[in-house]
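Here are a few points to check as you go through the model. Keep the structure open beside you.

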Amino acid sequence: MSHQPDPARYAHPALYRRCGRRGLLLPKLALGLWHNFGTADDAANARALILRTFDLGITHFDLANNYGPPPGSAEETFGRVLHADLAAHRDELIISTKAGYLMWDGPYGEWGSRKSLLASLDQSLRRLGLDYVDIFYSHRPDPDTPLEETMGALAHAVKSGKALYAALSNYNPEQTARAAQILRDLGTPCLLHQPKYSMFERTPESGLFDVLLREGIGGIAFSPLAQGLLTNRYLAGIPADSRAGHDARFLRPEHITEAKLRKIRALDALARSRGQALAQLALAWVLREPAITTVLIGASRPAQLEENLATLENSALSSAELAEIERILAG
Ligand SMILES: NC(=O)c1ccc[n+]([C@@H]2O[C@H](COP(=O)([O-])OP(=O)(O)OC[C@H]3O[C@@H](n4cnc5c(N)ncnc54)[C@H](OP(=O)(O)O)[C@@H]3O)[C@@H](O)[C@H]2O)c1
């Protein structure tokens with residue numbers, strides 16, 4: 001039976017905010033479909049995650065051409081659920097996709113040429129079963145393609161109506177500033193930048209956030225929980241059903257070092273002293289950053305979504321708590 005959405009899903013008083021200095025409102029939490037939505041994953045669980053996200057008022061779903069495995073299958077999964085359960089709600093959703101990482105064989109299946117980006121966007125639209133995506137990203141900068149060509153392709157995607165907004169991911173501060181200028185000149189300003197940012201990955205603090213604030217570009221932090229490290233997941237070993245336990249593509253058991261675990265335990269104690277879970281402390285910490293509009297989380301079960309959304313009930317951090325976090329991270 002088709003899903004009946006929760007009529008109270010937009011009741012959360014503080015879930016949405018402007019994306020940088022743009023008009024678009026984004027939820028402070030968004031769901032990414034990098035893991036748990038491929039052909040190999042449990043389709044019923046994938047559907048439950050998407051529908052629970054929607055029912056919580058979280059309007060933004062983040063995809064990329066290559067999410068799966070196999071590449072492309074996360075877009076197919078999302079497209080199936082969208083058409084079966086949420087077909088009447090397209091205008092309530094912000095759906096993003098990206099092109100830039102390896103997607104198909106030959107010279108046009110990756111990086112940032114106009115050919116690659118626009119062909120990839122057409123493929124994504126077919127897999128999603130959509131006429132347009134809301135946000136189209138250049139997934140990574142291409143050192144061998146003029147930035148004008150890559151940004152020209154994003155601008156064309158917007159002007160042709162296949163995307164509503166252009167966005168960047170993994171661009172450094174200098175590349176972001178130049179790209180923002182080109183996109184502005186083309187009449188399709190950059191909406192959003194997607195960097196990796198968490199207590200364990202702070203590179204964006206060295207220049208990128210200044211550029212985003214100056215340019216009025218929103219920031220959406222990916223892997224804000226360091227793929228699950230900044231949660232209670234690994235406090236007592238590596239559970240078989242965790243990312244590190246069953247999917248060794250990106251988070252491997254050897255990444256979970258004793259030095260990291262010492263910090264995770266200390267952060268967990270601080271979170272508990274605030275009456276919250278470590279995941280909630282980690283998300284509150286990312287959301288304290290003025291350049292960040294949204295934390296882009298992953299989830300393997302609906303209960304994680306609920307716990308993560310509850311971060312917003314207790315997200316203010318005192319200067320003493322912030323100093324304690326710095327002390328733990330430096331340790
Ligand atoms: N632009 C890029 O280059 C790029 C790269 C990577 C990711 N991304 C985007 O960012 C999204 C999020 O990345 P991510 O999945 O690495 O994010 P993350 O939020 O750092 O990690 C998500 C994982 O943390 C665990 N988790 C989440 N909430 C939890 C909770 N309350 N308690 C315990 N464990 C919890 C789950 O792991 P278990 O599976 O172990 O339960 C979940 O799969 C991706 O889906 C994608 O859209 C973009």
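A crossing of two helices is called right-handed if the near helix is turned clockwise from the far one by less than a right angle, and left-handed if anticlockwise. Keep in mind that this is a predicted model.

1. Start with α8 and α11. Helix α8 covers residues 258-273, and helix α11 covers residues 319-330. α8 passes α11 in a right-handed crossing. Lys263, Ala266, Leu267 and Leu270 make the contact from α8. From α11 come Glu321, Glu324, Ile325, Ile328 and Leu329. By class, this contact has 6 nonpolar and 3 charged residues, and no polar ones.

2. How do the axes of α8 and α11 lie? They pack at an angle of about 165° and are 9 Å apart. Angles over 145 degrees count as roughly antiparallel. The two helices are therefore roughly antiparallel to each other.

3. Now take α5 (residues 173-185) and α6 (residues 208-215). They pack at an angle of about 20°, with axes 8 Å apart. That makes α5 roughly parallel to α6. The crossing of α5 past α6 is right-handed.

4. Which residues meet between α5 and α6? On α5 they are Pro173, Thr176, Ala177 and Ala180. On α6 they are Leu208, Val211 and Glu215. Sorted by class, the contact of α5 with α6 has 5 nonpolar residues, 1 polar and 1 charged.

5. Helix α10 spans residues 302-309. Its buried residues are Gln304, Leu305, Asn308 and Leu309. They cover an arc of only 130° around the axis, so they sit on the same side of α10. Ala303 and Glu306, on the other side, are exposed.

6. What covers the buried residues of α10? The cover includes two strands, β3 (29-32) and β10 (294-297). It also includes two helices, α1 (43-55) and α9 (278-287).

7. Look next at Ile297, which belongs to strand β10. Is Ile297 buried or exposed? It has 26 C-beta neighbours inside 10 Å, so it counts as buried. The cut-off for buried is 20 or more.

8. Leave out residues up to four places away in sequence, and Ile297 touches Leu29, Leu31, Gly32, Pro224, Leu225 and Asn308. Asn308 is also one of the buried residues of α10. Thr311 lies 14 residues from Ile297 in sequence. In space, their C-alpha atoms are 12 Å apart.

Conventions
Residues numbered from 1 in each chain as written. Predicted model: local features only at pLDDT ≥ 70, side-chain atom pairs only at ≥ 80, totals over all residues. Buried ≥ 20, exposed ≤ 12 C-beta atoms within 10 Å, placed from the backbone. Helix = DSSP H or I, 4+ residues; strand = E, 2+ residues; numbered from the N terminus. Arc of directions from axis to C-beta. Contact = placed C-beta atoms within 7 Å. Axes fitted to C-alpha atoms, helices over the stretch in contact; angles between N-to-C directions. Parallel < 35°, antiparallel > 145°, perpendicular 65-115°, else oblique. Nonpolar A, V, L, I, M, F, W, Y, C, P; charged D, E, K, R; others polar.
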